[in-house]
Amino acid sequence: MSADSGLIVEGVSLQRGGHTVVRDVSMTAPLGEITTLLGPNGAGKSSLALGIAGLLPLSGGSVSLNGSKISGSRAEKVRAAGLAVVPEGRKLLPSLTVEDNLGVATYMLAKSERRSGIDYALSLFPELEKRWTQRARSLSGGEQQMVVLAQALVSRPKVLLIDELSLGLAPIIVKRLMPTLTEVAASGVGVLLIEQFAQLALAVANKAYMMEGEQIRYDGTAAELRENPEMLSSAYLLRSH
């Protein structure tokens with residue numbers, strides 16, 4: 001297995017409440033590319049994200065990052081290995097300022113890395129400099145999503161996993177954020193974008209998977225799905241902003 005192979009998920013199964021919610025899923029998210037995982041609500045996408053992140057124990061299979069196994073590790077060790085996760089729902093510390101929210105995300109970094117990480121995040125989201133001293137709760141939904149993405153990126157991860165980027169956001173905000181993911185991938189970071197709205201993700205992705213009924217139902221290029229939208233078995237996946 002290559003040392004720069006990115007994120008590799010092999011035969012992963014997960015249970016919640018005694019029920020299987022992810023069944024024998026295998027997928028890869030190479031460095032320098034955007035990979036998208038599509039599927040309707042209830043398909044198991046968010047449970048898979050939690051399993052990859054070390055927040056939900058696997059009942060089968062394994063996850064590795066750049067050749068090293070990360071499944072079975074605690075969430076903080078997974079992050080230290082180079083996987084940053086943006087969970088569904090824009091989880092911030094609402095009473096803290098933008099500056100403090102980013103500061104919390106850098107607590108494991110050396111002092112020099114903190115400054116360079118924050119500078120990198122602000123280069124991607126310059127809008128946040130104007131909100132630097134504002135409390136997170138006072139920001140718009142789009143600004144909050146920028147802070148969450150910035151929190152994940154300050155550590156300069158090898159792979160960035162984003163669960164439902166577009167959830168609850170206005171179309172203009174989503175169009176602002178998508179090119180940033182392309183820029184992040186172009187810098188050599190692997191991006192795994194879990195998304196309900198297919199057209200949004202397929203516009204920027206290289207590789208695509210579709211998950212339905214706890215399993216992968218499509219494994220191929222994003223271009224093929226863009227050109228053959230009828231291949232998306234759930235019609236409402238074609239909804240776009």
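The following legends describe close-up views of a predicted model.

In this predicted model, local features need pLDDT of at least 70 and side-chain atom pairs count only at pLDDT 80 or more, whereas totals for chains, interfaces and linings use all residues. Residues are numbered from 1 along each chain as its sequence is written, and side-chain values use heavy atoms, with hydrogens and water left out.

View A. The largest pocket holds about 710 Å³ of space. A pocket is an open set of points on a 1 Å grid over the protein atoms alone, where a 1.4 Å probe fits, with protein on both sides within 12 Å along at least five of seven lines; lining residues have an atom within 4 Å of a point. Grid points are joined across faces, edges and corners, and the volume is the space filled by probe spheres set on the points. Of the 27 lining residues, Leu55, Arg79, Val85, Val86 and Pro87 are the closest to the pocket centre. At least two lining residues come from each of helix H1 (45-52), helix H2 (75-80), strand S6 (83-86), helix H3 (98-105) and helix H5 (141-153). Helices (H or I, at least four residues) and strands (E, at least two) are DSSP runs, numbered from the N terminus. The lining comprises 19 nonpolar, three polar and five charged residues; Ala, Val, Leu, Ile, Met, Phe, Trp, Tyr, Cys and Pro count as nonpolar, Asp, Glu, Lys and Arg as charged, and the others, Gly among them, as polar.

**View B. A salt bridge between Glu164 and Lys45.** Seven salt bridges occur in the structure, each defined as a side-chain nitrogen of Lys or Arg within 4 Å of a carboxyl oxygen of Asp or Glu. In the bridge between Glu164 and Lys45, the closest N and O atoms are 3.7 Å apart. This pair links distant parts of the chain, 119 residues apart: Glu164 belongs to the loop between strand S7 (159-163) and helix H6 (171-186), and Lys45 to helix H1. Both residues are buried, where buried means under 20% relative accessible area, exposed over 50%, and partly exposed in between (1.4 Å probe, protein chains only).

**View C. A salt bridge between Arg74 and Glu76.** The closest N and O atoms of Arg74 and Glu76 are 2.9 Å apart in this salt bridge. Arg74 is exposed at 59% relative accessible area, while Glu76 is partly exposed at 37%.

View D. Arg115 and Asp119 form a salt bridge with an N to O distance of 2.9 Å. The two residues lie four residues apart in helix H4 (residues 111-124), about one helical turn. Arg115 is partly exposed at 45% relative accessibility, as is Asp119 at 41%. Gly117, Ile118, Tyr120, Ala121, Leu122 and Leu124 are the buried residues of H4, and they pack against H5 and H6, contact meaning heavy atoms within 4.5 Å.

**View E. The surroundings of Ser13.** Ser13 lies in strand S1 (residues 7-16) and is buried, with a relative accessible area of 16%. Leaving aside residues up to four places away in sequence, Ser13 touches Val22, Arg23, Asp24, Leu58, Ser59 and Gly60.

View F. Most residues other than glycine have a negative phi. Asn66 has a positive phi of about 50°; this residue lies in the loop between strand S4 (58-65) and strand S5 (68-69) and is buried at 15% relative accessible area. Arg156 also has a positive phi of about 50°, lies in the loop between H5 and S7, and is partly exposed at 49%.
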